[in-house]
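Please look over the sequence and the structure first, and then follow the sections below.

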Amino acid sequence: MTTTRTTTAPVTVFGPDFPFAFDDWLKHPQGLATLPASAHGTEVAIVGAGMAGLVAAYELMKLGLKPVVFEASRMGGRLRSQPFEGGQGVVAELGGMRFPASSTAFYHYVHLLGLQTQPFPNPLTPAAGSTVIDLEGQTHYARSLADLPPLFSEVAQAWAQALDELGFGDLQQALRERDVPRLKALWDRLVPLWDDRTIYDFIAQSEAFSKLSFRHREVFGQVGFGTGGWDSDFPNTMLEILRVVLTGCDEDQHLITGGVQQVPLGLWAHAPEHTTHWPPGTSLASLHGGATRAGVTAIARAPGGQIAITDTWGAVREYAAVLVTCQTWLLTTQIAVDESLFSQKMWMALDRTRYMQSSKTFVMVDRPFWKDVVAATGRDTMSMTLTDRLTRGTYLFDNGPDKPAVICLSYAWMSDALKMLPHPPHKRVQLALDALKKIYPTVDIAGHIVGDPITISWEADPYFLGAFKGALPGHYRYNQRMYGHFMQDALPAAERGIFLAGDDVSFTPAWVEGAVQTSLNAVWGIVHQLGGQCPADNPGPGELFAAIGPVVLPD
Ligand SMILES: Cc1cc2nc3c(=O)[nH]c(=O)nc-3n(C[C@H](O)[C@H](O)[C@H](O)COP(=O)(O)OP(=O)(O)OC[C@H]3O[C@@H](n4cnc5c(N)ncnc54)[C@H](O)[C@@H]3O)c2cc1C
């Protein structure tokens with residue numbers, strides 16, 4: 001791989017486990033691959049119309065295959081922008097909502113579709129305007145970190161120093177420069193050291209934090225870095241958090257104006273400029289007569305060697321290849337999957353995958369009243385709010401002075417999400433308003449609410465069972481097995497032809513970039529199986545996997 005980048009090159013989601021330049025692969029003028037004419041029009045089943053499924057379907061269609069997309073619930077999957085009734089396009093982002101600039105493969109599609117973006121109103125950023133941090137009953141108002149008491153800067157510095165103890169600076173420099181040998185050498189050394197250890201262990205044992213009080217650790221857990229508290233990730237493997245910071249996923253985040261669901265839905269409707277085999281104007285929507293097929297209920301090996309898919313209505317059809325993009329727990333709960341399609345080692349990985357819980361509760365309000373300046377204090381009426389109370393994170397979305405605005409009253413994970421799980425929408429809103437009343441005793445939020453609230457608990461939805469993967473210590477081997485499964489030449493024939501992609505197959509769960517990158521791996525795998533090839537000047541992930549793929553740890 002070349003190392004032409006400079007020290008100021010941007011941080012991107014370039015590995016670190018598999019440092020393949022997916023963004024360059026997508027941009028290359030010669031395209032991703034070509035298939036023999038005999039393969040053109042071959043049907044490939046895609047299970048799930050989320051981002052991973054639709055990226056794969058779109059790219060396979062461009063190469064001349066015929067993707068057949070199955071969806072059990074809503075198109076877009078965890079990119080779900082639910083409109084408020086009567087809100088004239090005002091939406092609640094129920095899944096992914098802030099997209100780091102480092103997600104270059106994801107933004108390839110955002111730009112292709114001509115969508116607009118805006119800085120996301122994260123804590124202490126100019127886009128938020130002001131931020132309130134309320135911990136242990138003490139409320140601080142700030143526009144930047146410098147406005148907060150010294151404890152907060154000490155926590156930020158300790159986090160930076162703790163990362164330095166791991167050699168973070170060198171690692172990130174290698175990633176910026178796309179210096180693959182150096183990045184691999186540095187990262188692969190850390191994998192066995194940190195796979196077994198949690199982020200809490202990392203913080204508690206670091207020299208930087210051990211010089212400070214327990215309170216510093218606690219504040220790190222509540223306020224964290226970038227986007228909010230990280231205590232709900234404390235039991236996760238440190239490797240997972242390290243990837244987030246290394247690849248810049250927690251910085252420079254943007255929202256998609258009008259809602260991120262436009263990205264998967266846009267790919268469904270978009271007619272690519274150049275396609276092989278299909279007439280101009282062909283889109284996924286036109287190939288499907290406008291709608292996806294129903295949910296999948298069974299996947300089995302057909303007698304002739306193809307893979308048979310059964311849908312909700314009992315229709316059975318056979319395919320040369322199948323790509324499964326739903327959460328892997330659904331392979332044992334929603335879909336009857338022939339056990340022989342995967343090795344027992346792979347089943348172990350699929351079933352041990354661990355999902356995190358997440359709940360969000362949104363209301364639409366008449367206007368962005370929080371921007372009204374209180375004469376007595378000179379402060380905003382209300383601010384983006386991080387707290388140790390029930391709500392945890394409250395985010396404010398201004399759609400312009402003449403439009404109704406949106407408040408995400410509460411965005412919570414894990415235990416805090418479980419506190420909301422059994423409650424109906426109005427009770428969730430009431431609980432959130434009660435908590436916020438303790439921070440803003442004089443602000444009448446309820447008086448501004450219009451329309452019905454929108455809320456979600458991803459773990460309560462049978463088509464998801466959780467928000468996203470959060471790998472535990474000791475899970476690296478499972479990740480590595482699932483991630484590398486698209487390389488099928490060495491698999492027994494009985495296990496070939498079924499591919500996996502999506503958030504939980506990636507090494508960067510909870511970030512859509514991982515769903516896109518694993519989808520592109522699967523595109524390579526399917527093309528390879530059907531006799532296709534990448535241009536010599538534009539090798540694909542499979543050509544480089546043996547040389548720079550994720551390090552394999554012994555079982
Ligand atoms: C609360 C939350 C917050 C997030 N925040 C961010 C963020 O800020 N930034 C970011 O980059 N990413 C974020 N993410 C992650 C991002 O949303 C995901 O990585 C991405 O949307 C996953 O896409 P996917 O295609 O892998 O899976 P999915 O979107 O889950 O798609 C899989 C599809 O399979 C369907 N399906 C299930 N069962 C069947 C069946 N039997 N037959 C057919 N179809 C089936 C599902 O309905 C679904 O549509 C967040 C996710 C959540 C839940």
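Helices (H or I, at least four residues) and strands (E, at least two) are DSSP runs, numbered from the N terminus.

The antiparallel pairing of β5 with β9 rests on 2 bridges, and here phenylalanine 99 stands opposite histidine 254 in β9. Strand β9 (residues 253-256) also pairs with β6 in the antiparallel sense, over 3 bridges, where glutamine 118 stands opposite leucine 255.

## Basis of the model

The model is a predicted one, in which local features need pLDDT of at least 70 and side-chain atom pairs count only at pLDDT 80 or more, while totals for chains, interfaces and linings use all residues. Residues are numbered from 1 along each chain as its sequence is written.

## The chain as a whole

The chain has 19 helices and 24 strands. Its radius of gyration, taken over C-alpha atoms, is 24 Å, close to the 24 Å that the globule rule gives for 555 residues, so the chain is as compact as a globular protein of that length; the rule itself is 2.2 Å times the number of residues to the power 0.38. Along its principal axes, the C-alpha trace spans about 75 × 55 × 40 Å.

Of the 555 residues in the chain, 49% are buried, where a residue is buried if 20 or more other C-beta atoms lie within 10 Å of its own, exposed if 12 or fewer, and partly exposed in between, with C-beta atoms placed from the backbone. Among contacts between residues at least 6 apart in sequence, 73% join residues at least 24 apart; two residues are in contact if their C-beta atoms, placed from the backbone, lie within 7 Å.

## Two domains

The chain is divided into domain 1 (22-77 + 259-352 + 471-548) and domain 2 (149-255), with bounds that come from an automatic or database domain assignment. The C-alpha centres of domain 1 and domain 2 lie 32 Å apart.

Where the two meet, 10 residues of domain 1 are in contact with 15 residues of domain 2. On the side of domain 1 that touches domain 2, the residues divide into 7 nonpolar, 3 polar and no charged; here Ala, Val, Leu, Ile, Met, Phe, Trp, Tyr, Cys and Pro count as nonpolar, Asp, Glu, Lys and Arg as charged, and the others, Gly among them, as polar.

## Around the ligand

The ligand is surrounded by 39 residues, of which the closest are Gly48, Gly50, Gly77, Gly96 and Gly502; a residue is near a molecule if its C-beta atom, placed from the backbone, lies within 6 Å of it. The elements that give two or more residues to this shell are α2 (51-62) and α18 (512-529), and α2 gives the most, with 3 residues. By class, the shell has 22 nonpolar, 13 polar and 4 charged residues.

## A sheet of four strands

Another open sheet is formed by 4 strands in the order β12-β11-β10-β14, with mixed pairing. Since β12 (316-319) and β14 (336-337) stand at the edges with a single partner strand each, one side of each is left without a neighbour in the sheet. Strand β10 (residues 296-301) and β14 run parallel and are joined by 2 bridges, with alanine 298 opposite alanine 336 in β14.

Helix α17 (residues 476-483) is mostly covered, as 7 of its 8 residues are buried, namely Tyr476, Tyr478, Asn479, Gln480, Arg481, Met482 and Tyr483. What covers these buried residues includes α6 (180-194), α10 (238-246), α14 (344-352), β24 (498-500) and α18.

Methionine 364 lies in strand β16 (residues 358-365) and counts as buried because it has 26 C-beta neighbours inside 10 Å. Leaving aside its neighbours within four places in sequence, methionine 364 is in contact with Phe84, Gly87, Val90, Pro404, Val406, Val450 and Gly451. Glycine 266, in helix α11 (residues 262-269), is partly exposed, with 17 other C-beta atoms within 10 Å. Its C-alpha atom is separated by 9.4 Å from that of leucine 112, 154 residues apart along the chain.

How values were computed
Pairing = 2+ DSSP bridges.
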